Each structure stands twice: as C-alpha cells, then as structure tokens.
Amino acid sequence: MIRIYNTLTRKKELFQPLTPGEARIYVCGMTVYDLCHMGHARILVAFDVVVRFLRAQGFKTTYVRNITDVDDKILQRARENGETFTQLTARMIDAMHEDCAALGVEAPDHEPRATEYVDAMVDMISTLVDKGYAYAPGNGDVYYRVRRFAGYGKLSGKVLSEMQAGARVEVDSNKEDPLDFVLWKGTASDEPGWKSPWGWGRPGWHIECSAMSLCCLGATFDIHGGGPDLRFPHHENEIAQSEAANDAPFANLWMHAGAVRVNNEKMSKSLNNFFTVRDVLARYPAEVVRYFFISSHYRSPINYSETNLEKAHNGLERLYTALDGLDFDKVKPTLGTAFEEAFQAAMTDDFNTPAALGVLFDMARQINKSRSAGDLDTGGGLAALMHKLGALLGLLQSNPKDFLGFDTAQTVVDSQWIEERLAERTAARSAGKFAEADRIRDLLTEQGVALEDSSQGTRWRMTR
C-alpha cells in the first residue's frame, strides 16, 4: 500500500494504478543544449528511486523519460558553437547518459526524442484546431486557446483572471488572447524545421510531451513527474492540450521533486549559479552525490554546499564501515525483522528516503554490536539485508573496501605495506611494547590510514 503526494489534489493518495499490478510513468527529461547540472541530477535520482521501489514491490513498471532535442536554446547554442543542432544534441545526449550511469540512474524503458515524434505532434495540433481549442492566424504559427479549456489552472492553482491581471502583454497581434501559447512555430525555410499544414516550422515545447506520452503510454497513465519549475506553465499546458485532444483524463497522479538551491536561490543556468554533475563528480564519489540527494525528501528543496556533501560522504562511510569484513554477499538476508518493516513503512509513505536511511543507520549500529560481541552470523544476516535494502535506493552496492579506500588504486600507500605495519603493531602489542605499537599507529595515521580495533582484530581504511 503506497501513498504518494499528488500535486494535483495537494494531498497524499493511495497509489491505485489504472491496470492492477502495473505502473506507467512519464517524467519530463532534459533539454539537451548543455551538460547536466545538479538540479537535473536531483530529478534523475528522485525518479530512479521511485521506479526501483515500485519494481521491487512487484509492479510491472513502464518508465518513460523524454529528451527535448530541438528548441530555441538548442538552436541558439548550436549557432554559437558553429555546429548543427543535431551535432550538439548528439554530444549532450551521450554526456547525459554518461552522467546517469555514473550516478547509478537506470535507463528508462523508453527515451523518446522530440524530433522523432513531430508527425504525432502535428496530428495532435490538427485535432485541437478541428475541435476549436487551437487556431492558426495565417502567419505560420498555431496557438492554443487557454480560455477554451475549462480546467486550466487546476494543477498550479492559478486563476485565469489573476493571470490576466499580472500578465506582461507582449506585442503579438496574431494572438487572440495574451495568455494563449504556441503549439507550432512558423520559421524561415532555411531554418531547421518540418513540413506541416501551416507551413514550414517546428513544434512548441509544451506539445512535445503531450504527443510523446500519448504514443508511449496512452491517453491516460498513472504518474507524471518532473522538476518544480515545470508545474506551471509546462505541465499545466500539457493537461490542457492532452485532455482537450484526447477527451480523457491525462495523468492520474502528479509528482514534483524539490529544487536544488545555492545560497537559498534555485540552481539554474539562467542565474549562472549551477554546478554540473561532472564538476561535482571530479571532487566526490558518485555514490556520495546520490546519497546527498536521497538524504532529503524528494519533494523538499535541498541546499548544495561543500559542507552537506562532506556530511553525505561521512554518512555513507559509516554505512560501508558496518558492512566491511562481513560476507553479506554469501549469506541470506535476515528477513521479517523490525528493520525491514520500518524501511518498508518509510518508502511506502511517499518515498520517504530520509527515514529509510535512518533505518539503515539503525541496522549499522546493530551490526556493529553483533560484530563486537563476536556474533558474526547475526551480523552477516543483517548486513545482507542492509545490502538488499540499500539497492532499492541505489546505494551500498560497491565493495566496502573499494569505497573506503582499501584498494591500492585509491590509496597513497601500498596495501601490502599497510598490512606489514599492522602485523608489526600486533606483535608489539602482544609483547607489551605499547609505545612501539602507538608509534606504528601514528605512522599509519600520517599516511591517512585509520585503524579500528575490535575483538575480531584490527581493520583499516583510508581517510583521504
């Protein structure tokens, strides 16, 4: 029983898919004119967790995440670069896929590109014109009649009269109403475009998702998601287009992730305060970045800072330290525990990942207690369960020694040298030469090696 906050109704609702046992999800993806920044990554990770959990719950899930590969920003950037827009988008799509792979974001089932669905967009626009919801003033453009759609504003809560009062009226004599928005943009014949009943041009941004979701998921589907800035006007316009064209409800449930902020301002390219995923991954392991996002609820704004990323690194290190040295991949998880029930309760309550992480830390403490007591069987079973639950968040799937820096590729000193010093320290302690043992410990500390003594022996990890 999963409860999800529905932006449309402004309350948590029981997830009841249109087809029992199935889940059909559409999430607005990137406009590929530049590299992914941390705001994009937050959306990618948030819905990756949603899809992972739904599948783990047994739902046959169809996940669609589109790509906008033609629009004004793309064409402008391509001109600035002296390349074709298709060359630009091909590079940016490849880069996006690389960033997704680094962050552990699984590929969607379908990744439609706008340029591949122009015919479907033209068909939908033609339907809207025939029904009187859209008009072509004869200049090559086609506009949507906002006031013709009775439900306009139901997602964002905006009232048409208030929107009119606050509107910045642009000089456009072709529009019947300043609130009308473009469905098709007429362009010069030497510009990128497609043939249409209204002349040479290209689709407007909003119509893309209406057409692609219809083709991939049908007129009505279960969940539509995206970033906080898409709620209005993009998603509001999608509803108006789709429900008018298809005579059917659009998405049953709407999910919107929170913004990434820097100094209490939304991270965005327009504000020039963004950090690309690659900038951040050059300084922090990818799993730390993923943990950083998951440590906040997907609907909450999250503040980007070096301090918060360091906290994420330390938190993830604590979890991996609990797993280290236990054969969790060779034993069966201890099922039916209070830990598992608490994790399930957190995730079924609107995908509450901070609470789910809290359960993992509770498990880590219990694993450490079992280890200290010499009960490796109990610790191993719990560690296996922790590894299993972590996978639902896309965490804890690396070898602990690799993450903690035990591999020679990540250490500044040779692992064999460390083991030799540990053997010398153990011998010194056994002989009662504690000053010598302390000297060796200090030597290791200087090299960035942290020691952890327990009844089971001494473990080590790199701290830098």
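These legends accompany several close-up views of a predicted model. Residues are numbered from 1 along each chain as its sequence is written, and side-chain values rest on heavy atoms, with hydrogens and water left out. Because this is a prediction, local features need pLDDT of at least 70 and side-chain atom pairs count only at pLDDT 80 or more, while totals for chains, interfaces and linings use all residues.

**View 1. A salt bridge joins D48 to R290**. A salt bridge here is a side-chain nitrogen of Lys or Arg within 4 Å of a carboxyl oxygen of Asp or Glu, and a search of the whole structure finds 25 of them. For D48 and R290, the closest N and O atoms are 2.5 Å apart. The pair links distant parts of the chain: D48 sits in helix α1 (residues 38-56) and R290 in helix α9 (residues 286-294), 242 residues apart. Helices (H or I, at least four residues) and strands (E, at least two) are DSSP runs, numbered from the N terminus. Both D48 and R290 are buried; on the scale used throughout, buried means under 20% relative accessible area, exposed over 50%, and partly exposed in between (1.4 Å probe, protein chains only).

**View 2. R52 of helix α1 pairs with E106**. The closest N and O atoms of this salt bridge are 3.7 Å apart. E106 belongs to the loop between α3 (85-102) and α4 (118-130), so the pair ties together parts that are 54 residues apart in sequence. R52 is buried, at a relative accessible area of 16%, whereas E106 is partly exposed at 36%. Keep View 1 in mind here: D48, R52, E106 and R290 are linked in a network of salt bridges.

**View 3. D109 and R55 form a salt bridge**. Their closest N and O atoms lie 2.6 Å apart. D109 comes from the loop between α3 and α4 and R55 from helix α1, so parts 54 residues apart in sequence are tied together. Are the two partners buried or partly exposed? D109 is partly exposed, with a relative accessible area of 39%, and R55 is partly exposed too, at 30%.

**View 4. Helices α1 and α9 pack at an angle of about 80°**. Their axes are 10 Å apart; axes are lines fitted to C-alpha atoms, for helices over the stretch in contact, and angles run from 0 to 180 degrees between N-to-C directions. The angle makes α1 roughly perpendicular to α9, a label given to angles of 65 to 115 degrees (under 35 is roughly parallel, over 145 roughly antiparallel, and the rest oblique). From α1, the residues M38, A41, R42, V45, D48, V49 and R52 meet V289, R290, F292, F293 and I294 of α9, where contact means heavy atoms within 4.5 Å. By class, eight of these residues are nonpolar, none is polar and four are charged. In this scheme Ala, Val, Leu, Ile, Met, Phe, Trp, Tyr, Cys and Pro count as nonpolar, Asp, Glu, Lys and Arg as charged, and the others, Gly among them, as polar.

**View 5. Helix α6 covers residues 205-217**. With 13 residues, α6 reaches 19 Å from its first C-alpha to its last, close to the 18 Å expected at 1.5 Å a residue; the expected span is 1.5 Å times one less than the number of residues. Which residues of α6 are buried? They are H206, I207, E208, C209, S210, A211, M212, S213 and L217. Just after α6, G218 takes a positive phi of about 100°.

**View 6. G153 lies in the loop between β6 (142-144) and α5 (160-165)**. G153 is buried, at 6% relative accessibility. Leaving aside residues up to four places away in sequence, G153 touches K158 and E236. G153 and A240 are 87 residues apart in sequence, yet 9.0 Å apart in space, C-alpha to C-alpha.

View 7. F351 is buried, with a relative accessible area of 2%.
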